[in-house]
Amino acid sequence: MRETPEELNELQALLDASLSRSTSHLRSIINSERSLTAEQLTQVLTGMCTLALATVTARSEPRVSGVDGHFLHGKWHFGTARVAAKARHLAVRPAVSAAHLRGEDLGVFTHGTVEILNPQDGEPAEDWPDLLAYFKDFYGEDSFDWDNDIVYYRLHPHWMTVYAPDIAKLTAASQS
């Protein structure tokens with residue numbers, strides 16, 4: 001768990017607010033008995049988590065693709081090739097939706113906008129050196145030309161909810 005107490009509080013407030021703004025149908029499925037707290041979520045979302053990431057084309061057509069998601073400091077982080085279609089989409093339309101699913105045991109659903117962490121022709125995010133060190137440790141120092149091949153994003157969520165029907169099973173699996 002890499003989150004500070006402040007980041008956990010922000011994440012918990014987001015989870016609570018998102019669920020309270022959801023439809024009655026969604027709240028009948030996802031409730032306090034079938035969800036996770038911010039602290040539980042950060043304990044479950046460790047390492048690489050495959051995300052289904054939805055972007056939008058210039059013609060407003062939806063596109064979904066997979067990315068390696070890393071849940072760090074209460075937000076999703078992911079990368080793609082600088083030449084990928086999703087990178088072109090995100091450069092002009094930063095709104096995204098992301099879903100992380102583990103069978104019927106876990107669903108994390110997020111809507112928000114992305115920030116480019118390492119722009120090719122601009123200043124990187126303030127915490128980029130720490131994030132880059134994490135990614136190089138995870139993928140290997142020589143896996144990519146980190147400056148030219150890969151663009152990384154942070155998803156700033158405005159809505160996020162979690163479905164976890166068996167919290168004990170899910171948290172036990174993450175601790176083993």
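Start by selecting Arg 154 and Glu 115, whose side chains meet in a salt bridge, 2.9 Å from N to O. A salt bridge here means a side-chain nitrogen of Lys or Arg within 4 Å of a carboxyl oxygen of Asp or Glu. This pair ties together distant parts of the chain: Arg 154 sits in strand β6 and Glu 115 in strand β5, 39 residues apart. Strands are DSSP runs of E with at least two residues, helices are runs of H or I with at least four, and both are numbered from the N terminus.

Before you click on, a word about what you're looking at: this is a predicted model, where local features need pLDDT of at least 70 and side-chain atom pairs count only at pLDDT 80 or more, while totals for chains, interfaces and linings use all residues. Residues are numbered from 1 along each chain as its sequence is written, and side-chain values use heavy atoms, with hydrogens and water left out.

Show the three together, and you have Glu 115, Asp 127 and Arg 154 linked in a network of salt bridges.

Are these residues buried or partly exposed? Arg 154 counts as buried because its relative accessibility is 10%, and buried means under 20% relative accessible area, exposed over 50% and partly exposed in between, using a 1.4 Å probe and protein chains only. Glu 115 is partly exposed at 26%, and Asp 127 is partly exposed too, at 24%.

How many salt bridges does a search of the whole structure find? Five. For one more, select Glu 141 and Lys 136, whose side chains meet at 3.4 Å, N to O. Lys 136 is partly exposed, with 21% relative accessibility.

Now for a lysine that does something else. Select Lys 86 in helix α4, which covers residues 85–92. Lys 86 is buried yet has no salt bridge: the nearest side chain of opposite charge, Asp 68, is 9.4 Å away. (For charge, Lys and Arg count as positive and Asp and Glu as negative, while His and the chain ends are not counted.) What does the side chain of Lys 86 make a polar contact with? Pick the side chain of Ser 65, at 3.2 Å. A polar contact is a pair of N or O atoms within 3.5 Å; within protein, one must be able to donate a hydrogen and the other to accept it, and residues adjacent in sequence count only if both atoms are side-chain atoms. Leaving aside neighbours within four places in sequence, Lys 86 is in contact (heavy atoms within 4.5 Å) with residues including Leu 53, Val 67 and Thr 80.

Next stop: Asn 118, in the loop between β5 (106–116) and α5 (128–139). Asn 118 is buried, at 6% relative accessible area. Follow the side chain of Asn 118 to the backbone oxygen of Ile 150, which it reaches at 3.0 Å. Not counting residues up to four places away in sequence, Asn 118 also touches others, among them Arg 82, Trp 128, Trp 146 and Tyr 152.

Move along to Phe 138 in helix α5. Phe 138 is partly exposed, at 38% relative accessibility. Leaving out residues up to four places away in sequence, Phe 138 touches Gly 47, Met 48 and His 70.

Ser 60 has a positive phi of about 65 degrees although it is not a glycine. You'll find Ser 60 in the loop between β1 (48–56) and β2 (62–72), where it is exposed at 59%. His 73, also not a glycine, has a positive phi of about 60 degrees. His 73 is in the loop between β2 and β3 (75–81), and is partly exposed at 31%.

Key: Lys and Arg count as positive and Asp and Glu as negative; His and the chain ends are not counted.
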